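Thanks for coming. I have one structure to go through today, and I will start with a single residue before turning to the whole chain. Here it is.

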Amino acid sequence: MAEDRTLKCKECGRDFTFTAGEQEFYSEKGFQNDPARCPACRRARKAARYQTYSQTGLRGGYTMYRARRM
Ligand SMILES: [Zn+2]
């Protein structure tokens, strides 16, 4: 039976708990590696990815604006 483990987040350097339930979830999904980041940093990274999407959207709007001027 798996036990809770304490891992160090490579993003913020803080310790976080990799619970037995999460370990089970990971092995069910076939993940070989331990999570490198704490839940808070994982959320932050997801938010950053959304920001990239909206930046791409802005660039598309800029292209449209230039096309109208030409
Ligand atoms: Zn972290």
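E22 sits in helix α1, which covers residues 20-29. Bear in mind throughout that this is a predicted model.

E22 and D34 are separated by 12 residues in sequence, and their C-alpha atoms are 10.0 Å apart in space.

How many of the 10 residues of α1 are buried? The count is 0, so by the burial cut-off of 20 neighbours α1 is hardly covered. After α1 comes G30, which has a positive phi, near 85 degrees.

On to the whole protein. It has 2 helices and 2 strands, and along the sequence they follow the pattern β-β-α-α. As for contacts between residues at least 6 apart in sequence, 39% of them join residues at least 24 apart.

Last, confidence. The average pLDDT of the protein is 84, and 74% of the residues score at least 70. Where is confidence lowest, and where is it highest? The lowest is helix α2, residues 39-69, with a mean of 71. The highest is strand β1, residues 5-8, at 98.

Conventions:
Residues are numbered from 1 along each chain as its sequence is written. This is a predicted model: local features need pLDDT of at least 70, side-chain atom pairs count only at pLDDT 80 or more; totals for chains, interfaces and linings use all residues. pLDDT is the predictor's confidence in each residue, from 0 to 100. Helices (H or I, at least four residues) and strands (E, at least two) are DSSP runs, numbered from the N terminus. Two residues are in contact if their C-beta atoms, placed from the backbone, lie within 7 Å. A residue is buried if 20 or more other C-beta atoms lie within 10 Å of its own, exposed if 12 or fewer, and partly exposed in between; C-beta atoms are placed from the backbone.
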